[in-house]
Amino acid sequence: MNISTAAIRTIALSTFGSFLRNKVILLFGSLFLCIVLLMMTPLLAYKAMTNPANAQQMQGLILNEVAAVISMVSAFGSLLAAWAAADSVAGEMKSGTILAVMARPLRRWEFMAGKYLGVLMLMAVYVVAMLGVTFLLAWLGGQSFHASLWTLIVYPLVRYAVWASIAMLLVTMLHPILVMGVVVIAMTLITVFASASRHIPAWLRLPVHLTLPLTGLLSEERFLVITKASLKPFPWTSHLTILAYGLDYALLCFLLAVFVFQRRSLARD
Amino acid sequence: MAKPAIEFAGINKVYQRRFGGVQVAALSNISFEVARGEVCAFLGPNGAGKTTSMNILMGFIYASSGRSCVLGYEPGDVRAKERIGFLPENFAFYRYLNAEKLLQFHLRLSGRQLADPAALIASLLAKVKLDTYKGLKIGKYSRGMVQRLGIAQALLGDPELLVLDEPTSGLDPAGRKEVRDLILALKAEGKTIFLSSHILSEVEQICDRVIIIDRGHMVRAGTMQEMLAEDNRVEIIVDQLPEALEQAVKEQGASLEREAHRVRIAVDVAHKRALAEMLWASGCDVVSLTPMKSSLEDTFLKLVAEGGAP
């Protein structure tokens with residue numbers, strides 16, 4: 001089978017280009033950036049109020065602030081990945097542009113692969129930009145980072161790849177708004193299960209763990225130590241296992257998405 | 001003998017509503033062939049199933065049953081798609097691109113390797129008279145301009161088969177004539193063209209064959225000559241017809257229409273000789289005697305009204 005890498009690349013670049021012009025993404029991106037920048041104000045205030053007497057208390061406040069921003073960046077990134085993936089496929093089908101595209105010598109899976117790569121390109125830009133924002137916040141707060149740069153890039157990227165593939169699978173069957181509803185519910189369930197795991201009966205815990213992605217494992221926050229404490233050693237094998245889990249989950253969802261997309265109607269009925 | 005460009009054999013398409021389970025039969029036992037090098041019109045009233053058939057042909061949707069083949073391959077096969085140019089009904093586009101960028105995008109997807117792709121794009125834009133608007137964002141184009149751009153993108157891959165879903169829709173009379181001339185030029189180059197249209201006078205001018213469907217059922221397929229020869233009457237034109245003779249003419253089953261300086265008499269071909277001789281014998285000057293041809297529109301309306309579909 002002759003795979004058209006040029007066609008996949010063309011679709012990926014076109015998808016990425018369309019995201020940069022997508023009004024919804026630009027609006028929410030700008031709003032989010034405003035919130036992050038607004039959060040710098042209390043950070044600077046805490047810093048200004050710090051004196052030898054309250055240093056420890058202020059240090060704690062600043063750390064909480066930076067941690068809150070990192071959590072927001074992470075949650076927003078997951079939602080952005082899901083929305084971008086869902087919208088990139090559903091938008092083409094709704095507008096009808098998919099017909100002229102799929103009339104070209106392009107297989108359905110190649111189209112999906114191009115779309116997926118376009119989403120990952122967007123998320124790579126997001127990860128790098130947010131990493132810059134996080135470093136800026138930490139620097140403003142007088143904190144120093146203790147983490148390998150690659151973990152701060154690869155881990156969130158794999159996590160976003162998981163959410164993008166889930167959304168891509170769901171959008172082959174559901175409206176994008178419903179897809180986002182399912183994604184938000186899944187994210188909430190994962191958080192609830194992670195924090196209250198001990199109180200949940202085993203018969204419920206197991207199926208949830210098997211079906212929902214364990215995105216907590218893929219959190220870069222596990223390696224991001226923003227105190228002066230030394231970084232815990234984390235062996236390469238563990239990194240490989242966790243990243244392989246994330247990539248495997250993303251690949252499985254993507255292949256299921258391709259399988260469903262292969263069988264569905266591309267035209268509006 | 002070369003395999004037909006398009007083959008549909010017993011195609012059925014049933015849409016199943018997701019909730020409630022209501023089934024809607026969009027196509028029922030549709031069978032036809034389009035030979036290579038032929039210009040074939042696919043006609044039917046709105047909702048007849050033309051676009052559904054074209055979507056099956058392009059591999060966008062799957063038939064519920066039956067067999068279909070395009071250029072010797074299953075619909076949707078990339079080997080077939082490499083040789084097909086397609087214009088969808090209501091061609092949609094990326095509004096933020098201009099015509100040149102959109103054609104570059106489609107050219108890259110087509111996989112066609114060219115020494116000078118810009119020259120091809122420029123020539124296609126000139127062909128559809130959009131060369132002066134190539135820098136304008138497509139979102140600002142009129143409906144007719146978008147349609148022309150759609151035609152240009154269909155021609156990008158130098159296709160062997162063109163599938164055009166209402167190619168003249170949205171165009172003004174001059175634009176329609178240009179598209180008609182373009183199709184005739186492509187026909188002269190030996191391309192196979194399969195098109196749907198509601199403008200039957202145009203179809204009559206450019207197509208070799210016609211397939212008519214209605215409510216998902218085949219009504220008629222045949223050459224244009226066969227379609228136009230449906231009328232089994234002849235028209236006799238005489239310079240004058242005395243009123244005393246009118247009754248005798250009508251007794252032959254003829255209908256007549258008086259004009260300023262002549263009278264048109266339409267009669268069944270079986271009675272033409274008897275009637276013509278009677279008119280000569282009565283001193284009428286028979287100006288002409290010609291087989292009557294109904295227009296494609298007449299034939300189409302008659303076939304659809306007869307209820308070709310159950």
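Me: In which strand of chain B is B:Asn29 found?
Reply: Please keep in mind throughout that this is a predicted model. The strand that runs over residues 23-34 of chain B contains position 29, and so the element in which B:Asn29 is found is strand β2.

Me: Is B:Asn29 buried, exposed or partly exposed?
Reply: A residue is called buried if 20 or more other C-beta atoms lie within 10 Å of its own, and exposed if 12 or fewer do. B:Asn29 has 15 other C-beta atoms within 10 Å, so the label that applies is partly exposed.

Me: What is the phi of B:Asn29 near?
Reply: As background, most residues other than glycine have a negative phi. B:Asn29 has a positive value although it is a residue other than glycine, and its phi is near 50°.

Me: Where does B:Lys129 lie, and what is its phi near?
Reply: B:Lys129 lies in the loop between α4 (117-127) and α5 (143-154) of chain B. With 15 C-beta neighbours inside 10 Å, B:Lys129 counts as partly exposed. This residue, which is not glycine, has a positive phi, near 60°.

Me: Is B:Gln16 buried or exposed?
Reply: B:Gln16 lies in strand β1 (residues 6-16) of chain B, and, leaving out residues up to four places away in sequence, B:Gln16 touches B:Gly21 and B:Gln23. Since a residue with 12 or fewer other C-beta atoms within 10 Å is classed as exposed, and B:Gln16 has 11 of them, B:Gln16 is exposed.

Me: Why do the buried residues of α11(B) line one face of the helix, and within what arc do they fall?
Reply: In helix α11 (residues 296-305) of chain B, the buried residues are B:Leu296, B:Thr299, B:Phe300 and B:Val304. What covers them includes β3 (39-43), α7 (200-206) and β8 (209-214) of chain B. They line one face because, when viewed down the axis of α11(B), they fall within an arc of 120°.

Me: How many residues are in the largest nonpolar core?
Reply: In soluble globular proteins, nonpolar side chains tend to be buried together. Among the members of the largest nonpolar core that touch the most other members are A:Ala81, A:Met168 and B:Val163. B:Val163 touches B:Met54, B:Leu57, B:Met58, B:Ile84, B:Phe86 and B:Phe194, if residues up to four places away in sequence are not counted. The number of residues in this largest core is 139.

Me: What separates the centres of domain 2 and domain 3 of chain B?
Reply: The domain assignment of chain B gives domain 1 (1-83 + 159-164 + 189-229 + 294-310), domain 2 (89-158) and domain 3 (233-292). Taken over C-alpha atoms, the centres of domain 2 of chain B and domain 3 of chain B are separated by 56 Å.

Me: Which element gives the most to the side of chain B that touches chain A?
Reply: The contact takes 24 residues from chain B and 23 residues from chain A. On the side of chain B that touches chain A, at least two residues each come from α2 (78-81), β5 (84-87) and α3 (99-110) of chain B. The element that gives the most, with 5 residues, is α3(B).

Me: What ipTM does the predictor give the complex?
Reply: Chain B averages a pLDDT of 87, and 96% of its residues score at least 70. For the complex, the predictor gives a pTM of 0.83 and an ipTM of 0.81.

Terms used:
Residues are numbered from 1 along each chain as its sequence is written. Chains are lettered from A and ligands numbered from 1 in the order in which they are written. This is a predicted model: local features need pLDDT of at least 70, side-chain atom pairs count only at pLDDT 80 or more; totals for chains, interfaces and linings use all residues. pLDDT is the predictor's confidence in each residue, from 0 to 100. Two residues are in contact if their C-beta atoms, placed from the backbone, lie within 7 Å. Helices (H or I, at least four residues) and strands (E, at least two) are DSSP runs, numbered from the N terminus. A nonpolar core is a set of buried Ala, Val, Leu, Ile, Met, Phe, Trp, Tyr and Cys residues joined through C-beta atoms within 7 Å. Domain bounds come from an automatic or database domain assignment. The arc is that of the directions from the helix axis to the C-beta atoms.
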